[in-house]
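Trainee: Could we go through this model together, one question at a time?
Mentor: Gladly; let us bring it up first.

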Amino acid sequence: MNAVETNAAEPVDLSAAEALRLAEKARAAARTPGRLPGWYGPAFAVAFTVYGIGVGQAIGADAGWLSGVFGGLFAAMTGVLARLAVNQGGIIHRLTPGLGRPVLLAVLGVIAAGLAGMLLTWLAGGGARWMGAVAGAVAGAAFWAATVRLNARTRRMPAAG
């Protein structure tokens with residue numbers, strides 16, 4: 001029999017079969033995706049909003065070339081946020097079977113939300129400045145909502161085996 005330390009620091013005797021079962025449970029738990037950090041959705045929501053405002057202002061001021069600069073800054077900012085989340089684990093840490101479709105739907109939802117925000121703003125008579133700001137804010141909110149849904153889905157997923 002193998003002795004295993006418990007939280008009480010008292011050794012517990014396990015049979016070889018029990019030790020193997022415990023080790024397999026630990027491996028399965030390690031393969032199960034973790035949740036996205038709680039700050040991830042709100043941080044990206046802010047990033048999308050700031051990007052939308054910047055692009056809208058640039059286009060409204062006939063300085064469309066600044067959209068490329070803002071795009072580069074957005075990519076750098078979101079890259080740093082994603083890297084921080086990867087370092088903390090979470091579902092983006094590794095490719096997880098069963099999450100490909102929900103992640104794709106989340107991405108498409110963010111794009112659709114941004115486009116819908118732009119369209120509604122345009123129909124309401126808003127100019128480029130307002131269209132960019134609304135598109136960024138709505139896409140950010142959609143991203144945040146998507147992270148909440150993905151985290152809920154991750155909690156319901158069985159341990160990988």
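Predicted model: local features only at pLDDT ≥ 70, side-chain atom pairs only at ≥ 80, totals over all residues.

Mentor: Residues are numbered from 1 along each chain as its sequence is written, and side-chain values use heavy atoms, with hydrogens and water left out.

Trainee: In what order do the elements of the protein chain run from the N terminus on?
Mentor: The chain has five helices and two strands. Helices (H or I, at least four residues) and strands (E, at least two) are DSSP runs, numbered from the N terminus. Read from that end, the order is β-β-α-α-α-α-α.

Trainee: Are helices α2 and α3 roughly parallel or roughly antiparallel to each other?
Mentor: Axes are lines fitted to C-alpha atoms, for helices over the stretch in contact, and angles run from 0 to 180 degrees between N-to-C directions. The axes of α2 (residues 40-60) and α3 (residues 65-87) come within 9 Å and cross at roughly 175°. Angles under 35 degrees count as roughly parallel, over 145 as roughly antiparallel, 65 to 115 as roughly perpendicular and the rest as oblique. The pair α2 and α3 is therefore roughly antiparallel.

Trainee: How do the residues of the contact of α2 with α3 divide into nonpolar, polar and charged?
Mentor: Contact means heavy atoms within 4.5 Å, and those making it include Phe44 and Tyr51 of α2 and Phe70 and Met77 of α3. Ala, Val, Leu, Ile, Met, Phe, Trp, Tyr, Cys and Pro count as nonpolar, Asp, Glu, Lys and Arg as charged, and the others, Gly among them, as polar. The division is 16 nonpolar, four polar and no charged.

Trainee: Which residues does Thr78 contact, leaving aside its neighbours within four places in sequence?
Mentor: Thr78 is found in helix α3. Buried means under 20% relative accessible area, exposed over 50%, partly exposed in between (1.4 Å probe, protein chains only). At 12%, Thr78 is therefore buried. Its partners are Phe44 and Ala47.

Trainee: Which helices do the buried residues of α4 pack against?
Mentor: The buried positions in α4 include Ala106, Val110 and Gly114. They pack against α2 and α5 (128-156).

Trainee: How far apart are the end C-alpha atoms of α4?
Mentor: The expected span of a helix is 1.5 Å times one less than its number of residues. For the 24 residues of α4 (residues 100-123) it should therefore be 34 Å, and the distance between the ends agrees: 34 Å.

Trainee: What is the phi of Asp62?
Mentor: Asp62 sits in the loop between α2 and α3, and is exposed, with a relative accessible area of 74%. Most residues other than glycine have a negative phi. Asp62 is not a glycine, yet its phi is positive, about 55°.
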